Structures are given as structure tokens and as C-alpha cells.
Amino acid sequence: MARRRLLLLLKPFDVLPSRQFDDSSHFRNPKLLQVLKYLDSRCLVHKEAINFCQNILRKKHVDWEAVYRFNLCRPIRDVDLVVTIGGDGTLLQASHFMDDSIPVLGVNSDPTQAKEVEDYNEEFDATRSTGYLCAATVKNFEQIIDDILENHARPSEVSRMSVTLNSKQLPTYALNDVLICHPCPATVSRFSFSKKKEDQSSSSMVHCRSSGLRVSTAAGSTAAMLSAGGFAMPILSQDLQYVVREPISPGAYNSLMNGTVKPEELMEIAWYCKEGLIYIDGSHLIHSVQHGDIIELSSKAPKLKVYLPSHLIS
């Protein structure tokens with residue numbers, strides 16, 4: 001049997017300056033020392049997870065290459081599987097360089113520890129990595145890899161979002177969400193939007209003055225969208241969900257400030273500010289817009305094949 005080819009995409013680990021956490025340290029604040037020890041622990045746990053996964057793969061019938069995610073700059077090709085080691089952010093970054101032909105497995109290298117969060121609750125937020133889309137941790141990595149290599153596991157097809165600016169397709173598909181807003185958060189965003197089906201006339205335009213427009217996929221509906229008042233969608237839904245952020249006097253449009261865009265529909269946004277930005281999956285991918293630009297969003301994008309946690313698809 002031919003050897004499988006894997007790409008390991010790694011979240012870089014922050015190297016903290018070496019400190020002696022004792023009475024000789026010039027850090028006298030006990031709370032600060034606690035935070036520094038916590039951050040140092042996170043760095044060590046992540047580094048150990050990378051080493052652990054690589055040692056497991058050395059025992060398997062695979063060829064693999066490890067790349068830090070900041071070095072990824074071209075489409076991923078000629079591999080059978082992408083393994084991301086980090087959290088959801090590392091998997092998101094991988095998705096921007098992947099089509100629908102290669103599956104991805106996310107390894108949450110630093111999962112949140114409930115007892116740690118409880119113990120430090122009065123001091124600071126000890127939440128670690130959420131890893132919502134990550135099926136593996138160091139505890140089950142070998143079992144999941146074996147299932148994949150033996151064809152006992154199948155990836156799910158997760159919807160992404162296509163973004164078109166003035167009829168030109170942007171090169172990156174959104175796995176989580178898109179935010180369209182003015183560059184200054186204190187400045188009003190002015191835009192109008194409508195929904196339409198292909199080759200059909202648009203619905204009535206909805207005119208907005210607000211702090212922007214957020215549109216998410218099902219995968220992104222439990223992230224910023226949920227915090228903004230949206231709802232969690234089934235992970236394999238092909239709908240998009242939108243919410244107008246902090247609308248100013250919506251009046252008759254109030255019931256239209258949030259809703260869904262069906263797979264057969266697209267959302268058309270006309271931008272009416274001098275300047276604006278389109279954020280794709282957070283702050284790393286940004287495109288500028290200006291007055292009169294037309295943006296189209298839809299779920300007509302290549303799906304991403306992801307090995308999902310069992311609780312999301314059961």
C-alpha cells in the first residue's frame with residue numbers, strides 16, 4: 001500500500017523569556033506570577049503536543065512535512081491529509097489554502113481545563129483553546145489517525161462562503177464569517193442589502209445605518225455571530241446567517257436586521273461610505289471597499305472536508 005502524504009500545519013508557540021519564579025525574581029506581584037506561570041504552561045503544553053503528534057506519525061506508514069502556519073503562502077496540493085496542531089485559528093488558516101479535494105483534521109493542542117478555570121476564576125480568565133472544529137487532542141490523536149489511515153473514518157463536508165466584490169470573486173472562501181464595516185468602529189456604516197435567487201429579481205432593499213454587517217456560515221454561528229445575538233446552526237447546514245450590528249433607528253426594517261440566506265440565494269450589499277473593510281474569518285484577511293461598491297455573499301463555494309468531533313455530527 002502506498003504511503004500517505006500528510007502536511008502538518010503548526011501554530012507557532014510563544015517563547016516566554018526564561019524566568020525563575022522564586023523570591024529572587026523582580027516580579028513581586030503574586031497575581032502577575034500566576035499569570036506568567038499560566039502562560040508558560042500553555043506554551044509548554046502546545047510544544048509537547050506538537051512533539052507527541054510527530055512521534056506518533058513517525059510510527060505510521062506515512063510521509064509528512066511540518067510547516068508553521070505563518071509560512072503557508074500557496075495553495076495546499078499533493079497531500080492526502082492536512083493535520084493542524086493548534087486550535088480553530090490554525091484550522092481556519094489552513095482552510096484558506098485548501099479546495100474541496102483534501103480533508104483536514106484539527107488537533108486541539110491546548111484544551112481548556114475546567115478545574116484550572118474554576119481555580120483561577122477570581123484572578124484571571126484561564127480559558128485555553130476552544131477547538132470547536134478539532135476532532136483530536138493528544139488523548140485520542142493516534143486512534144483517530146489510525147481510523148483515517150484505515151479508511152474507518154470519513155470527513156464531513158462543511159459549507160463555506162463565497163465573497164464577490166464588484167462581480168470579481170475574492171480568492172479566499174470564508175469558513176467562519178465575514179464582517180463588513182467602517183475602518184473606525186466609532187463611525188457609522190451606511191449600506192443597503194437585499195436577497196435574491198439566481199436569475200431572479202432582488203427582494204426590496206433594506207437600508208441600514210449601523211456599526212456593520214456580520215454574515216456567518218454554520219461553522220461560524222457559534223463564534224462572534226452567537227455573541228452578537230445570532231443562533232447556533234447545525235454544523236452541516238448550508239444556510240448563511242446575518243445580523244446588522246447595532247442598527248440605528250431601524251424602524252420598519254427592525255424585523256429584517258437579522259435572518260438567514262438560503263443555499264439557493266445570495267446576499268447583495270451596496271456600500272455607501274467613503275471607505276470600508278471586508279474582514280474574512282477574523283482580522284488576518286482584509287479587503288477594502290469604497291462608496292458604490294457591490295458585495296455579494298453566498299454559500300456557493302467549495303465545501304471543506306473536515307474530520308469533525310463526534311458530538312457535532314451525532
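This is a predicted model: local features need pLDDT of at least 70, side-chain atom pairs count only at pLDDT 80 or more; totals for chains, interfaces and linings use all residues.
Let's start with I295. I295 is then in contact with V163, T164, L165, I180, M267, E268, I269, I278 and V289. I295 also belongs to the largest nonpolar core, which has 27 residues. Which members of that core touch the most other members? They are V178, F193, M267, I269, I295 and L297.

Next, two helices. Two packed helices are described by the angle between their axes and the distance between the axes. Take α1, residues 30–58, and α4, residues 141–149. Their axes come within 10 Å and cross at roughly 40 degrees. Angles under 35 degrees would count as roughly parallel. So α1 and α4 are oblique to each other. The crossing is right-handed. Who makes the contact? From α1, it is F52, C53, I56 and L57. From α4, it is F141, E142 and I145. Sort these contact residues by type, and you get 6 nonpolar, no polar and 1 charged.

Last stop: S129. Find S129 in the loop between α3, residues 114–119, and α4. Is S129 buried or exposed? The cut-off for buried is under 20% relative accessible area. S129 has 14% relative accessibility, so S129 counts as buried. What does S129 touch, leaving out residues up to four places away in sequence? The list is R42, G86, G87, N108, D110, P111 and T112. Pick out G87. Along the chain, G87 and S129 are 42 residues apart. Their C-alpha atoms are separated by 6.0 Å.

Terms used:
Residues are numbered from 1 along each chain as its sequence is written. Side-chain values use heavy atoms; hydrogens and water are left out. Axes are lines fitted to C-alpha atoms, for helices over the stretch in contact, and angles run from 0 to 180 degrees between N-to-C directions. Helices (H or I, at least four residues) and strands (E, at least two) are DSSP runs, numbered from the N terminus. Angles under 35 degrees count as roughly parallel, over 145 as roughly antiparallel, 65 to 115 as roughly perpendicular and the rest as oblique. A crossing is left-handed if the near helix is turned anticlockwise from the far one by less than a right angle, and right-handed if clockwise. Contact means heavy atoms within 4.5 Å. Ala, Val, Leu, Ile, Met, Phe, Trp, Tyr, Cys and Pro count as nonpolar, Asp, Glu, Lys and Arg as charged, and the others, Gly among them, as polar. A nonpolar core is a set of buried Ala, Val, Leu, Ile, Met, Phe, Trp, Tyr and Cys residues joined through side-chain atoms within 4.5 Å. Buried means under 20% relative accessible area, exposed over 50%, partly exposed in between (1.4 Å probe, protein chains only).
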